[in-house]
Amino acid sequence: MLPMNALPTLHERLPRLTEHLEQWIIESKKQCQHGKVASYIPELAKGNAKALGIHFIDAHGNETSAGDTDTVFTLQSISKVFTLLLALMDNGEELVFNKVGMEPTGDSFNSMLKLELVQPGIPFNPLINAGAIAISSLIHGSSQSDKLERVLRFFRMLTGNENLQYNETVFESELQSADLNRSMAYFLKDNGVLEQSVDDVLDIYFHHCSIDATCKDLARMGLTLANNGYDPIQQKQLIPKRYVQIAKSFMVTCGMYNASGQFAIQVGLPAKSGVSGGILTLIPGTIGIGVIGPALNSKGNSIAGVNLLEKLSQHYDLSMF
Ligand SMILES: NC(=O)CC[C@H](N)C(=O)O
């Protein structure tokens, strides 16, 4: 890896970014009308369907943002990347991959179809709901509250934001509308994937999905992934490189649910979306990017957010492939 001071700055890598963003945000916002805010978790239905914001941070700490970047939203599925990393740090690769596979499903994020169809009935990957629920059961801690504290501490460390909190209102809302996730968890328990009580595992899972964040927090976490687990701002290796490599591979193959192939072709960057409209992505080695746009397309990804990232990637030729 290049020494940090040799890494290109945001403005070197993405010249005239601020000017372009102004125009692109206006254009991409027009997509919002074709999307819908998630409503299967009632609290998420309160998201602003017209919002679109983006934040960038480079290894030198330079930042740029545009649009509705004050929007606070819950991490939802974006959190799954980081609970996977924590589970890998707690348990190592072998144990984690006894519980979840390494392949995309081609099905929607909340599908449990293949759990029954394909033996041995472990979730296909850690970024679908079934897989992330299995991962939640692997987080270490001396008690339930210790596990919740460790998870929150991990996110605070990665964002450098000590004010990060669980949004208990969204958590309660998820808990009240959890029939599908609950049925998945019982299925996993019957298959021997979950060893603890379904309620305790779901408590962890819904909590990490309910962490409040902004685009800036996403960009900050993206920056550490972009630098293979090294946080150039705190100047610390926060996550072993090997685990970040695993997480980024999953982001490319499964991070945008069953639209990951399309996203790889049109944007070509590792990314993870959440059903509240966030997208975390990164330019390898250099820049972390956070996007929010609560109106979703039919696959559950931010409709304007994906459109904005397509413009960005095409203009600056950012595809890794
Ligand atoms: N796609 C998502 O962001 C899904 C996460 C959400 N908490 C759920 O379990 O349904």
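## A tour of the contact between two domains

Welcome! Between domain 1 and domain 2, the count of salt bridges is zero. Keep in mind as you look around that this is a predicted model.

**Stop 1: the two domains.** Select 16-75, 213-232 and 246-316 and colour them together: the domain assignment calls these domain 1. Now give 77-209 another colour for domain 2. Taken over C-alpha atoms, the centres of domain 1 and domain 2 are 22 Å apart.

**Stop 2: where they touch.** How many residues does each domain bring to the contact? Domain 1 gives 30 residues and domain 2 gives 35 residues. Between them, the two domains bury about 2700 Å², and 76% of that is on carbon and sulfur atoms. On the domain 1 side, select Leu-75, Met-221 and Phe-250: these lose the most area to domain 2, together 24% of what that side buries.

There are polar links to look for as well, with five residue pairs in polar contact across the interface. To see which elements of domain 1 touch domain 2, show helix H11 (215-226), helix H12 (241-254), strand E7 (271-273) and strand E8 (278-283), each of which supplies at least two residues. Sorted by class, this side of domain 1 has 17 nonpolar, eight polar and five charged residues.

**Stop 3: a pair of rings.** The model has seven aromatic pairs by the rule used here. For one of them, select Phe-97 and Phe-250: the pair is tilted, at 6.1 Å centre to centre and with 35 degrees between the planes. Phe-97 sits in helix H4 (residues 93-99) and Phe-250 in helix H12, so this pair ties together parts that are 153 residues apart in sequence.

Key: Residues numbered from 1 in each chain as written. Predicted model: local features only at pLDDT ≥ 70, side-chain atom pairs only at ≥ 80, totals over all residues. Heavy atoms only, no water. Domains from an automatic or database assignment. Contact = heavy atoms within 4.5 Å. Buried area = accessible area lost by both parts, 1.4 Å probe. Salt bridge = Lys/Arg side-chain N within 4 Å of Asp/Glu carboxyl O. Polar contact = N/O pair within 3.5 Å; in protein donor to acceptor, adjacent residues only side chain to side chain. Helix = DSSP H or I, 4+ residues; strand = E, 2+ residues; numbered from the N terminus. Nonpolar A, V, L, I, M, F, W, Y, C, P; charged D, E, K, R; others polar. Phe/Tyr/Trp six-rings, centres within 6.5 Å; stacked < 30°, edge-to-face > 60°.
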